[in-house]
Amino acid sequence: FAAVNTVLADLRNVVEGEIMGAHPAVQELFESANTVRLEESVWDVALFTFYTPMGRGTNYAVILPILLTMFLQVCFTCVVVLFIMDSEDAPSDLIDAFEAWRLTADSTVIADVCNSNASLTTSFRQQQTYEIYRTYTFNTLGEGYGLHCAGPFTCILVCCAWTLTVLEVLGKIMDKMLSIYHLTDFRSDVMELQVFQTVRSSGFKILTIPLHRAAWFLCISIPE
């Protein structure tokens, strides 16, 4: 019975977490689960801008990529707003013109447009718009239109993917902002770091952050 009692005792230790809790690697895993890690990005390195121990040259090397990234984001936003968004006419702007064409066009031309006749010599815009409409409302499940058509269904998938991507980035930003809030020391003037090395990893840990640096990181996180 001694062997059975030993096995039961070992099993009890595993279930209660006595062995796992005492292992350094396991302890580090539990601690890292509640830790926010800075990523290798321009936005996260902005937390260390004008940090005196890094030296003047390193600080300039950090500031330039941040300014360049912000400038590129503004440029891309302007390109999307000024050029891409207005590159095509809205369907509502074409209703009156297409209605006038429908009332004045010959029935043969209208039939050729609807049948995608390649021998058309006029009404190319109408035929192109009709082809786009047919592609958007293509339905493999039978008659009728709705969310199951190709266009609306694709739009839903794209919107869901875009929303999840934005929420992922927003979640990381909120985690960093919350951690910065807890580390902010209103009485401190310098940022305190602690170097560590464990069996699994090594690096540094931020202990305290002064108020002005936390406010700067908040301003940088807004355009991110």
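**Nonpolar residues, outside and inside**

Modeller: Phe83 is exposed, with a relative accessible area of 56% (exposed means over 50%, buried under 20% and partly exposed in between, with a 1.4 Å probe and protein chains only). This is a predicted model, in which local features need pLDDT of at least 70 and side-chain atom pairs count only at pLDDT 80 or more, while totals for chains, interfaces and linings use all residues. Residues are numbered from 1 along each chain as its sequence is written, and side-chain values use heavy atoms, without hydrogens and water.

Phe83 sits in helix α5, residues 56-84 (a helix is a DSSP run of H or I with at least four residues, a strand a run of E with at least two, numbered from the N terminus). Together with Val79, Val80, Val81, Leu82 and Ile84, Phe83 forms a nonpolar surface patch with about 550 Å² of accessible area (patch residues have over 30% relative accessible area and no salt bridge, and nonpolar side chains are joined within 5 Å). Phe153, in helix α9, counts as partly exposed at 44% relative accessibility.

Inside, the largest nonpolar core has 11 residues, among them Phe48, Met191 and Ile206 (a core joins buried nonpolar residues through side-chain atoms within 4.5 Å). The elements giving two or more residues to this core are α9 (150-183), β3 (202-210) and α10 (211-221), and α9 gives the most, with three. Beyond its neighbours within four places in sequence, Phe48 is in contact (heavy atoms within 4.5 Å) with residues including Met191, Phe204, Ile206 and Arg213.

Notes: Patch = residues over 30% accessible without salt bridge, like charges linked within 9 Å, V, L, I, M, F, W, Y side chains within 5 Å. Areas by Shrake-Rupley, 256 points an atom, 1.4 Å probe, with all protein chains shown as cover. Salt bridge = Lys/Arg side-chain N within 4 Å of Asp/Glu carboxyl O.
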